[in-house]
Amino acid sequence: MAETLFAGVEMGGTKCICTLGSAPHDVRAQQVLPTREPATTLAAIAQVLPGWNARAAAFAALGVACFGPLDLDRRSRTYGRIGSTPKAHWSHVDIHGFFAERFAVPIGLSTDVIGAALAEGRWGAARALADYAYVTVGTGVGVGLVAAGRPLIGCHHPELGHVRVARARGDDWPGHCVFHGDCVEGLASGPAIEARSGMPARSIPQDSPIWDAVAHALGQLAHILVVSVAPQRILIGGGVVSAQPHLLGRIRQSLAASLNGYLDLEQLRSGLDRYLDAPGLGTRAGPLGALALAADAHAAPGPPQRA
Ligand code: ADP
Ligand code: ZN
């Protein structure tokens, strides 16, 4: 029997990745577009998808994994819209409405990190786990939480990248978040690292103390995850950590030092390398996340969007 095909759009801060396929081993087409202002970006995406649908292999559902903040409350009048964001012109853009008007298939919409988390659960390093966290460290810092097998979304999706944490001793750099200064995103995102160092992140040597500060902030974030939702595994990816794999070991050390022996868990001792690890899908977690959202929407199409 032919595989059911899905289309996915991962909308990131710098690029949007459109994917046609059914699973990691079955990606039939992919197109990367730069993220510009909303009208141009969405129009470019809307040109790619119909071309795929016109072929014999039409897609059965569409997944959209978009940067946040995003209103995911289906009862809300602003469901599917981006919230207030410093990203120029993107505040309040109606992402769900744009796609729903153009594509008569079930649409699975969520944040990019929740999508990536679901892809890791379906195909990656969180397979068979019911409770886990996916952290991305890139243009921003985002956390997708899955609890009891479902994305954790209360009155809003969690925004743990913006949590304030204890600072490394002697470090009083004010941070780069426009809202909070030295929240985790303000200390560890790519733009924060580049603002602090004055150079592209890829040019910073591994022994620079900046990486200690980054690992400290992410270790604090992991501490908060462990003592709050106690995930079965924490996966950390995104453009910064995937390109600087030495960070993972430093983050583990920072987590262990911060917990200071509290919680007598095997995962936090000999199992720490596996407990806090890179995503199994690597940098494909994001684009495959959009496919995972499409697959979920196909399996259980949501109720009408707006009351
Ligand atoms: P997005 O968050 O937009 O989806 P990415 O996850 O790819 O994008 O992350 C982009 C960030 O990764 C940029 O802010 C950049 O500073 C950072 N980055 C890119 N290359 C490197 C590198 N070699 N080392 C550290 N950081 C990097
Ligand atoms: Zn912040």
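Predicted model: local features only at pLDDT ≥ 70, side-chain atom pairs only at ≥ 80, totals over all residues.

Trainee: Why is the pair of Phe-59 and Phe-103 called tilted?

Mentor: Their ring centres lie 6.1 Å apart, and the limit for a pair is within 6.5 Å. Their planes meet at 50°. Stacked needs under 30 degrees and edge-to-face over 60, so the label left is tilted.

Trainee: What makes this pair a link between distant parts of the chain?

Mentor: The two residues are 44 residues apart. Phe-59 sits in the loop between helix 1 (38-54) and strand 4 (61-66). Phe-103 sits in the loop between helix 2 (95-102) and strand 5 (107-111).

Trainee: Are Phe-59 and Phe-103 buried or exposed?

Mentor: Phe-59 has a relative accessible area of 4%, and Phe-103 has 8%. Buried means under 20%, so both are buried.

Trainee: What makes Phe-98 and Phe-99 edge-to-face?

Mentor: Their planes are 85° apart, and the label needs over 60. The centres are 5.3 Å apart.

Trainee: How do you know that Phe-98 counts as buried?

Mentor: Its relative accessibility is 14%. The cut-off is under 20%, so Phe-98 passes. Phe-99, at 1%, is buried too.

Trainee: Which residues do the ring pairs link into a cluster?

Mentor: Phe-59, Phe-98, Phe-99 and Phe-103.

Trainee: Which residue lies over the face of Phe-98?

Mentor: Arg-102, at 3.8 Å from the ring centre. Arg-122 lies over the face of Trp-123, at 5.7 Å. The distance limit is within 6 Å.

How values were computed:
Residues numbered from 1 in each chain as written. Chains lettered and ligands numbered in written order. Heavy atoms only, no water. Phe/Tyr/Trp six-rings, centres within 6.5 Å; stacked < 30°, edge-to-face > 60°. Helix = DSSP H or I, 4+ residues; strand = E, 2+ residues; numbered from the N terminus. Buried < 20%, exposed > 50% of the residue type's maximum accessible area, 1.4 Å probe, protein only. Lys NZ or Arg CZ within 6 Å of the ring centre and 35° of its normal.
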